[in-house]
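Here is a report on side-chain contacts in one protein model. Look at the sequence and the structure, then read on.

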Amino acid sequence: MAAAPALKHWRTTLERVEKFVSPLYFTDCNLRGRLFGASCPVAVLSSFLTPERLPYQEAVQRDFRPAQVGDSFGPTWWTCWFRVELTIPEAWVGQEVHLCWESDGEGLVWRDGEPVQGLTKEGEKTSYVLTDRLGERDPRSLTLYVEVACNGLLGAGKGSMIAAPDPEKMFQLSRAELAVFHRDVHMLLVDLELLLGIAKGLGKDNQRSFQALYTANQMVNVCDPAQPETFPVAQALASRFFGQHGGESQHTIHATGHCHIDTAWLWPFKETVRKCARSWVTALQLMERNPEFIFACSQAQQLEWVKSRYPGLYSRIQEFACRGQFVPVGGTWVEMGLGWPERLPAPRPALTWAASHFLHCQDGNLPSGEAMVRQFLQGQNFFLQEFGKMCSEFWLPDTFGYSAQLPQIMHGCGIRRFLTQKLSWNLVNSFPHHTFFWEGLDGSRVLVHFPPGDSYGMQGSVEEVLKTVANNRDKGRANHSAFLFGFGDGGGGPTQTMLDRLKRLSNTDGLPRVQLSSPRQLFSALESDSEQLCTWVGELFLELHNGTYTTHAQIKKGNRECERILHDVELLSSLALARSAQFLYPAAQLQHLWRLLLLNQFHDVVTGSCIQMVAEEAMCHYEDIRSHGNTLLSAAAAALCAGEPGPEGLLIVNTLPWKRIEVMALPKPGGAHSLALVTVPSMGYAPVPPPTSLQPLLPQQPVFVVQETDGSVTLDNGIIRVKLDPTGRLTSLVLVASGREAIAEGAVGNQFVLFDDVPLYWDAWDVMDYHLETRKPVLGQAGTLAVGTEGGLRGSAWFLLQISPNSRLSQEVVLDVGCPYVRFHTEVHWHEAHKFLKVEFPARVRSSQATYEIQFGHLQRPTHYNTSWDWARFEVWAHRWMDLSEHGFGLALLNDCKYGASVRGSILSLSLLRAPKAPDATADTGRHEFTYALMPHKAPSPAPATSWSAFSVSSPAVVLETVKQAESSPQRRSLVLRLYEAHGSHVDCWLHLSLPVQEAILCDLLERPDPAGHLTLRDNRLKLTFSPFQVLSLLLVLQPPPH
């Protein structure tokens, strides 16, 4: 006879069900305690420790020693290999048998010489299925190997996740046994947890919530954990509930398996290779068991690593990609730091010339967003070659900001869809959309989706499903959402439990629909109903992590230098190819060096938010690029200039797209140097002028240097006049022709300021607004300023400055003949903790907007704090320059390797050095060299003339950014040129060519020709038309070389 209905108290009923599934309480009699049945220890366990990450074939040959559960091993970054010999009891025939394994290191199971599954306690993967059902004839004995890394899923931080790693940390094996797994108990637990989630998530005011709770309660009533024959009755109750479907208007959630793996972060690059293997082999195992499961995987670099280290696994990945279950996404080499990629462009006529001119002078960088393009070029070509197709969506779940030029770059690489979510981390303002169109600087538009659950590591809970619907800020406009499930950052990926939850929730009344889906299906659904979507114009600024614009200054400097080197190698190699039948373009070497550079552009490396070991590896990568790049540069220059030595046996090569007249230090016999004024055409070369022609032919006034009796110094070259007070601060900067003063009245420029820099948590990542309240000017001592170079071609003054008891600075202020800016060569010995060093220049300029250089252009940001959106940008990113201008006059601050900046009111501030202590306790400690420059300007610089040069452009608004060999057909001797409009204007211009060009065709950023893009070559000129900030790529087919 059935029990009479009883009144139920919400809390007690809820907790009754919770205790029935609890892993902590009443496990002697609840359902959770029956998940595993009989168990037995492994037959034989042995191990060996190594500091190396050995291949399997080598590891199994080592000397294994007896081991046991409870053993400790380490230290951090070592590896412990276990040989696990198993004997399955005869009595377990017909049962599902697991190897249960728990340790606090990340494990990988090897079976028959191949990796088969990751084992990570933090990633809820603590058992490996030996057999779904042990057969009568199945072998009872087998040997497995478990490779255990001495690090956790998120590294080995000492005391906290982001702390510097503990080098002495030890790890422990806490469980290694065989056990019978009860799949029916597992499915009942999934159902009961989901019912509990629905009851809690929908709340006491919802009818469906009570139905879920009462169903769960009734399941507890009928289910006796000790009597499996009662399970089907409980299962039927759950099935009846989940079988009640929702209406046609229900929101649809597209659930895609995901495993974001940071290419390096709290662990080194080499550990990431193993993280990929552990995570992806587990995903493949899930695909075999769940044919409907789809897994999205980004980052070509990681796939290339697995191809090299785990060829068997890689073949299986390709097989599942053909089935449509393993889906490559993203289209880039790595998930790069996008807020402020790694090379630099230029607007405004005067600044376009000056910034490039200055930076090349200082061995700095060129105006370019080329690194971004190369991420897609290398990534898309890899995916096409390895998987037969390119990616149709850009995939960047975790990065620290989004450039306004990204939509145009995506368009040029065949991508119109973009998934990310990092703006959910905004500290001040909530971004108003989850699904929208994003319009870039040039007007290009892409469809963007942020998963409304604000995570890329969901676990399939009801709470997350409900949050996805409730959070959606585009209700009524978009009825589809992404749901990325699987452990991420440190890898791990999805679990069978997550899949079981999501499949159970596929169409249940009271909840959104859930379907296992691919990114293509998601975006197709969004596109089919996109008429009502809103449009966001301009950059997507992340209101957090703005300390990463400055942290680890040496990494940022290495990045800029190496991009310049690769640009120059490509240019000179292209010119040598065009002029010499014998020269071989170093395509393979350049690809290798570019890939190293692109690897370092991962969003936790170039940002400086990585451990010391990663930073040191990154610096080694830069040194490799410098060394090999300079060798290639010398070879290309020798081939290009063969037979044309100058009077002194020297030729000067100009890799910029405009004529340059500069003061250079030229080598003399015996190792000495002498200053000379040289003129070199755009993208060409010229001989060193004979010494007798240098001084008498100066076209400009020489530099005058005067030191007053009070110790102050004046530098004057007839274009600008610079006055320094006795401590080296800038008291006056005058544009001589107009007499216009650039420094604010009563203020001083070149003022170093020190701030306290203690964020709320993310040490290397964040600088908080309240740091501005701790401003302390660094004051020098009068009498430290001295004259350096006394004038003529160059004048300079230098001084020393004690920043603190532990840190000091020396600086040379330099003015060259004919130069429109003054340079500040700076050397800092920096030994601080949680301090922030900046330099300020108060300008005699008033404007509500400041201009900052970004990739292929520039944008304006407010100089005031009117709204919370303005105030949240107290520290922003820029590339080579920022500028504050009013009508007819402005002041630009240029730099050779800095990214952090701000303009508040009329004060231009450049961020120089930070001193965070996590995750790298040594970040920025030591010696630094960098240069910045200050340029007052009134009118655009005239367009430069040329003598011999390979290329020149008739308009100063158009910048020739890149010259390289085409990727696809080296036999045809084709070059690719990339140009962009830098001022924000519509422009028609002529590109003048001095190379033997046979054919010219417009192409996209992936170098695919435009069928309608053939250009007419007239008198070695091509006519080009640009809209504001537009990027154009040209494919030039060269004529056969003369023999």
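## Charged pairs and ring pairs

E623 has a relative accessible area of 43%, so E623 is partly exposed (buried means under 20% relative accessible area, exposed over 50%, and partly exposed in between, with a 1.4 Å probe and protein chains only). The model is predicted: local features need pLDDT of at least 70, side-chain atom pairs count only at pLDDT 80 or more, and totals for chains, interfaces and linings use all residues. Residues are numbered from 1 along each chain as its sequence is written, and side-chain values use heavy atoms, with hydrogens and water left out.

**Salt bridges**

Side chains of opposite charge can pair when their charged atoms come close. The term salt bridge has a cut-off: a side-chain nitrogen of Lys or Arg lies within 4 Å of a carboxyl oxygen of Asp or Glu. The whole structure holds 53 salt bridges. Three of them are set out here.

| Pair | Closest N to O distance |
|---|---|
| E319 and R323 | 2.6 Å |
| R626 and E623 | 3.5 Å |

Helices here are DSSP runs of H or I with at least four residues, strands are runs of E with at least two, and both are numbered from the N terminus.

E319 and R323 share helix 8 (residues 311-323). They sit 4 residues apart, again about one turn of the helix. E319 counts as partly exposed because its relative accessibility is 40%.

What links R914 and D757? R914 lies in the loop between strand 44 (907-913) and strand 45 (926-937), and D757 in the loop between strand 31 (751-756) and strand 32 (776-777), so the pair ties together parts that are 157 residues apart in sequence. Are R914 and D757 buried or exposed? Both are buried.

Salt bridges can also join up. R53, E106, E147, E271, R274, K275 and R278 are linked in a network of them.

**Aromatic pairs**

Now turn to the rings. Rings of Phe, Tyr and Trp (its six-membered ring) pair if their centres lie within 6.5 Å; planes under 30 degrees apart count as stacked, over 60 as edge-to-face and the rest as tilted. The structure holds 39 aromatic pairs. In one of them, the ring centres of F383 and F387 are 6.5 Å apart and the planes are at 40 degrees, so the pair is tilted. Both residues lie in helix 10 (residues 370-387), 4 residues apart. F383 is buried because its relative accessibility is 0%. F387 is buried too, with a relative accessible area of 15%.

F418 and W438 form a stacked pair, 6.0 Å centre to centre with 25 degrees between the planes. F418 lies in strand 16 (residues 417-420) and W438 in strand 17 (residues 435-439), so this pair ties together parts that are 20 residues apart in sequence. F418 counts as buried at 0% relative accessibility. W438 counts as buried at 0% as well.

Which residues form one aromatic cluster? They are F48, Y56, F64, W81, W110, Y145 and Y310.

**Charges over rings**

A charge sits over a ring if NZ of Lys or CZ of Arg is within 6 Å of the ring centre and within 35 degrees of the ring normal. K19 lies over the face of Y25, at 5.3 Å from the ring centre. K838 lies over the face of F755, at 4.8 Å from the ring centre.
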